[in-house]
Amino acid sequence: MGGVFMKRIKAVIGANFGDEGKGLMTDYLAYQCKDGVVVRFNGGAQAGHTVTTPEGLRHVFGHVGAGTLVGLPTYLSRFFVVNPMLYIKEIAALKGLGVTPQVYMDKACMITTPYDIMLNQIAEISRGTQKHGSCGVGFNETITRCLYADDYAIHVADLADELLLMEKLYAIRDDYMPLRLKALGIQTVPERYEALLRIDGIIKAFMADARFMLEAVAVTDLNVLSPYGSILFEGAQGLLLDQDHPFFPHVTRSSTGMKNVAELLSEMGYHNEDTGVIYITRAYMTRHGAGPFPTELPEKPYPRIEDRTNVPNPYQDALRYGLLDLSALADTISKDLKHTGKLKQCRVKLAITCLDQLEDKIDYFYHGKRMQETIDAFIESTFKALGLKDGYLSYGPTRATVKVMKL
């Protein structure tokens, strides 16, 4: 493949612990490139990218790209982990809104089984106060199984062979799970999960879900992107959750920044195209899950903050809040941009969301010092600290509230 047809490339990347507004910005950018396709280049069903249209339609995207409500198709790249059980639930929710998404699924995508979810939840429960911050949907366990236990690996290409799939599912339950539990140091499985492991119907139900999913998607590979004039890469989680970040093990099993994007572009032969990278941050910081949070506050910093997506759950507990650290933000983005070395034209922008939730002034950190400024002064300080001159500002939940920023 060459770069003849690809003229516009953009990547939307969360700069913190996730929940920065990637769904909002993907929807905003997708609205401007109706000839495009959205590529999910990392993560899996644990993503929760909220899109609210100006007309009030709202959906939290997991598998499907956040450009769906403006009509863009989705391509799930090989770096994406597919969960058939949650996929069909999302498709049903979208159909309830009158939306039928067009989804391309790479044949090399790894597949999450019910047993990965069980292993994930059992492990997190066993950690007690030492939780890793998992969502409990089996993401890490899926990757561990598929990368390091070849006999038990399942990819999208395997789903069409139902006999093979059934054999693998029984082998995962009966052979792999005991081995993995031992490797995790877990000797006692909670009674609820012991009961689930005796139900053969779980395997039959999963196979039915996989069959339904295959009927609703087009299984393909990277070549499917060739005809599109615009490609919009939609990231999941954030740079502070990257699998190589020093906050390990309280991270995700994924490359959350430009590494996967650059690799996919390289495979397609696109090195010279104009590539825009939009890093996103809230005006403050959040973290949903256990792990380090250097600027954490005991409660949310502004009373107008409302988050309908990140509700408390048994694995991540409640959403945590903190102040933005501009020096740390600049350093994080600078390190991620090293992955763009082979891309000859790379324009970087910043998007700041949730500005409507602030009061007259905002607190933040810069070079270790706590600062307080008016909102306009804070915006200017943030762009200058990052050495950027343009980007986007969001003053609400819909694309209609996004404004272009230029210093």
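Guide: Let's start with Thr 275, which sits in strand 11. Keep in mind that this is a predicted model.

Visitor: What makes Thr 275 count as buried or exposed?
Guide: Buried means under 20% relative accessible area. Thr 275 has 2% relative accessibility, so it counts as buried.

Visitor: Which residues is Thr 275 in contact with, leaving aside its neighbours within four places in sequence?
Guide: Thr 275 touches Ile 9, Leu 265, Leu 343, Gln 345, Cys 346 and Arg 347.

Visitor: And Val 348, where does that lie?
Guide: Val 348 belongs to strand 15, residues 345-353. Once neighbours within four places in sequence are set aside, its contacts are Val 277, Tyr 279, Leu 337, Leu 388 and Asp 390.

Visitor: On to the helices. Why are helix 2 and helix 7 called oblique?
Guide: Helix 2 (residues 84-96) and helix 7 (residues 201-216) pack at about 55 degrees, with their axes 8 Å apart. Angles under 35 degrees count as roughly parallel, over 145 as roughly antiparallel, 65 to 115 as roughly perpendicular, and the rest as oblique. The angle of about 55 degrees falls in the rest, so helix 2 and helix 7 are oblique to each other. The crossing of helix 2 past helix 7 is left-handed.

Visitor: Which residues make that contact between helix 2 and helix 7?
Guide: Helix 2 brings Pro 84, Met 85, Tyr 87 and Ile 88, while helix 7 brings Phe 206, Asp 209, Ala 210, Phe 212, Met 213 and Ala 216. Sorted by class, the contact of helix 2 with helix 7 has nine nonpolar, no polar and one charged residues.

Visitor: How do you know which label helix 3 and helix 5 get?
Guide: The axes of helix 3 (residues 114-126) and helix 5 (residues 162-183) come within 10 Å and cross at roughly 20 degrees. Angles under 35 degrees count as roughly parallel, and helix 3 and helix 5 are therefore roughly parallel to each other. Helix 3 passes helix 5 in a right-handed crossing. On the helix 3 side the contact uses Tyr 115, Met 118, Leu 119 and Ile 122, and on the helix 5 side Leu 169, Ile 172, Arg 173, Tyr 176, Met 177, Arg 180 and Leu 181. By class, that contact of helix 3 with helix 5 splits into nine nonpolar, no polar and two charged.

Visitor: How many aromatic pairs are there?
Guide: The count comes to eight aromatic pairs, with rings pairing if their centres lie within 6.5 Å.

Visitor: Why is the pair of Phe 17 and Phe 293 called edge-to-face?
Guide: Their ring centres are 5.4 Å apart and their planes lie at 65 degrees. Planes over 60 degrees apart count as edge-to-face, so that is the label for Phe 17 and Phe 293. Both Phe 17 and Phe 293 are buried. Ring pairs also link Phe 17, Phe 247 and Phe 293 into a cluster.

Visitor: And what makes Tyr 284 and Tyr 321 tilted?
Guide: Here the centres are 6.4 Å apart and the planes are at 50 degrees. Under 30 would be stacked and over 60 edge-to-face, with the rest tilted, so Tyr 284 and Tyr 321 form a tilted pair. Tyr 284 and Tyr 321 are both buried.

How values were computed:
Residues are numbered from 1 along each chain as its sequence is written. This is a predicted model: local features need pLDDT of at least 70, side-chain atom pairs count only at pLDDT 80 or more; totals for chains, interfaces and linings use all residues. Side-chain values use heavy atoms; hydrogens and water are left out. Axes are lines fitted to C-alpha atoms, for helices over the stretch in contact, and angles run from 0 to 180 degrees between N-to-C directions. Helices (H or I, at least four residues) and strands (E, at least two) are DSSP runs, numbered from the N terminus. A crossing is left-handed if the near helix is turned anticlockwise from the far one by less than a right angle, and right-handed if clockwise. Contact means heavy atoms within 4.5 Å. Ala, Val, Leu, Ile, Met, Phe, Trp, Tyr, Cys and Pro count as nonpolar, Asp, Glu, Lys and Arg as charged, and the others, Gly among them, as polar. Rings of Phe, Tyr and Trp (its six-membered ring) pair if their centres lie within 6.5 Å; planes under 30 degrees apart count as stacked, over 60 as edge-to-face and the rest as tilted. Buried means under 20% relative accessible area, exposed over 50%, partly exposed in between (1.4 Å probe, protein chains only).
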